[in-house]
Amino acid sequence: MFVDAVSIYVKAGDGGNGSAAFRREKYVPKGGPAGGDGGNGGDIVFEVDEGLNTLMDFRYQRHFKAKRGENGMGKGMHGKNADDYVIPVPPGTTVKDVDTGEVIADLVEHKQRAVIAKAGRGGRGNLKFASPRNPAPEISENGEPGQERNITLELKLMADVGLVGYPSVGKSTLLSTVSQAKPKVAEYHFTTLSPNLGVVETKDHRSFVMADLPGLIEGAHEGVGLGYQFLRHVERTRVIVHVVDMASMEARDPYEDFVTINRELEQYDERLMDRPQVIIASKMDMPEAEENLELFKEQIGEGYQIYPVSSITREGLSEALFAIADLLDEIPKDTTPIEEKDERVVYSFKEEEEPFTITRESDGAFVLSGPKIEKLFKMTDFSRDETVARFSRQLRGMGVDDALRKRGAKDGDTIRLMDFEFEFIE
């Protein structure tokens, strides 16, 4: 089964907790703090594997979680860092954040990597908090939580040539004739339910990848038929081969077919009209095909390369393949516009502008929320008085106390942060 779009959940590993330990060796007077830092968690990393051509594996596993770092230990020992969770994806995979709609990465080359979710760093042990003022602190940090996000993966085939056209115009037959691909061929619409890839080799030993895309019909860009699901695959192709049925076997006008399909491509993405387009006049072995071809040439005018072919008799195929190969020789491999290349792989792990927000619930409690304050809360070890006092100082430094007073908080009011409640004390 061909799968080219899927939604998954990823979570990078949390950092390990720092240790609050003290040296107690026999011959070490006034031992002092000796708590080591926690290890860093593992990143979620996508890596391109050119041996894959579908997102099928993600259909059965939708949740991916990297390991957390080990906790720090006594004698200043650092916890072990967790390994990155490397997930193979096929070339042509675009990764988007579901919540923001942001493109995180566009992966096209073999072994190309992108960090999709950033791991949390390890918490600091009490060895790091020692100072002349407090030489034996009992302060340590919990590990920073790893980033988690819901993402969508879209696969856009990395084919050099894309075959487009109405259903049953001969695209699959053409691909099966010029390559070793074995697409299903039958005399009914939408025989091809998913793209087929084939490697084509010309007689002068030039080769390229050709994709047979499911048939387009009028309204495809709005979701009519199967076209909308697979229009994304045309974006990657360097040359568009437009297959037109010159036999008019379904009583359609070849010129109208050509205009309609081009209109659908343009309405999906205007840039597709800048791609070189070769017209293959198919089914030339059928009656009336020659007459229809002459009329078609008059209607279309100049500016297009038209190659009459018959996939059954193989007449005209060599000339068409040579022309396509010549075009590909002139076009660079990367068709991504220059302004988009700099944004192809984005590593954006942005903090929210506001460190916290305050809302009020129906029971009168003040609710604190925000990524920065929630991360600070998760990294605090509330089992030790010194770390609790440090957390209070950090909140005060962020301006939480003053903001609560401005919102009307008074002594004894309930303050809620995540699943915990505190009492506001003046």
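Predicted model: local features only at pLDDT ≥ 70, side-chain atom pairs only at ≥ 80, totals over all residues.

User: Noted. Which residue does Glu-421 form a salt bridge with?
Analyst: With Arg-416, and the closest N and O atoms of that pair are 2.7 Å apart.

User: And Arg-416 itself, buried or exposed?
Analyst: Arg-416 counts as buried, since its relative accessibility is 14% and the cut-off for buried is under 20%.

User: What else does the Arg-416 side chain meet in a salt bridge?
Analyst: Glu-361, at 2.4 Å from N to O. Arg-416 sits in strand E17 (residues 414-417), while Glu-361 is in the loop between strand E15 (357-360) and strand E16 (366-369), so this pair ties together parts 55 residues apart in sequence. Glu-361 is partly exposed, with 38% relative accessible area.

User: How far apart are the closest N and O atoms in the Arg-124 and Glu-141 bridge?
Analyst: They are 2.9 Å apart. Both residues lie in the loop between strand E7 (113-117) and strand E8 (148-155), so the bridge ties together parts that are 17 residues apart in sequence.

User: How exposed are those two, Arg-124 and Glu-141?
Analyst: Arg-124 is partly exposed at 30% relative accessible area, whereas Glu-141 is buried at 5%.

User: How many salt bridges does the count come to?
Analyst: The count comes to 24.

User: Switching to the surface. Where's the negative charge, I mean which residues gather in that patch?
Analyst: The patch of negative charge on the surface is made of Asp-285, Glu-288, Glu-290, Glu-291, Glu-294, Glu-298, Glu-315 and Glu-319.

User: Which element gives the largest share of the negative patch?
Analyst: Helix H5 (residues 289-300), with 4 residues.

User: Where is Asp-285 found, then?
Analyst: Asp-285 is in the loop between strand E13 (277-282) and H5. Its relative accessible area is 39%, so it is partly exposed.

User: While we're around H5, where does Gly-303 sit?
Analyst: In the loop between H5 and strand E14 (305-308). Gly-303 counts as exposed, at 73% relative accessibility.

User: Okay, zooming out. How many helices and strands does the chain have?
Analyst: There are 10 helices and 18 strands.

User: What share of the chain's residues is buried?
Analyst: Of its 426 residues, 48% count as buried. The accessible surface comes to about 22,300 Å², and 48% of that area belongs to carbon and sulfur atoms.

User: Last one: among contacts between residues at least 6 apart in sequence, what percentage join residues at least 24 apart?
Analyst: That's 72% of those contacts.

How values were computed:
Residues numbered from 1 in each chain as written. Heavy atoms only, no water. Patch = residues over 30% accessible without salt bridge, like charges linked within 9 Å, V, L, I, M, F, W, Y side chains within 5 Å. Areas by Shrake-Rupley, 256 points an atom, 1.4 Å probe, with all protein chains shown as cover. Salt bridge = Lys/Arg side-chain N within 4 Å of Asp/Glu carboxyl O. Lys, Arg positive; Asp, Glu negative; His and termini not counted. Charge placed at Lys NZ, Arg CZ, Asp CG, Glu CD. Helix = DSSP H or I, 4+ residues; strand = E, 2+ residues; numbered from the N terminus. Buried < 20%, exposed > 50% of the residue type's maximum accessible area, 1.4 Å probe, protein only. Contact = heavy atoms within 4.5 Å.
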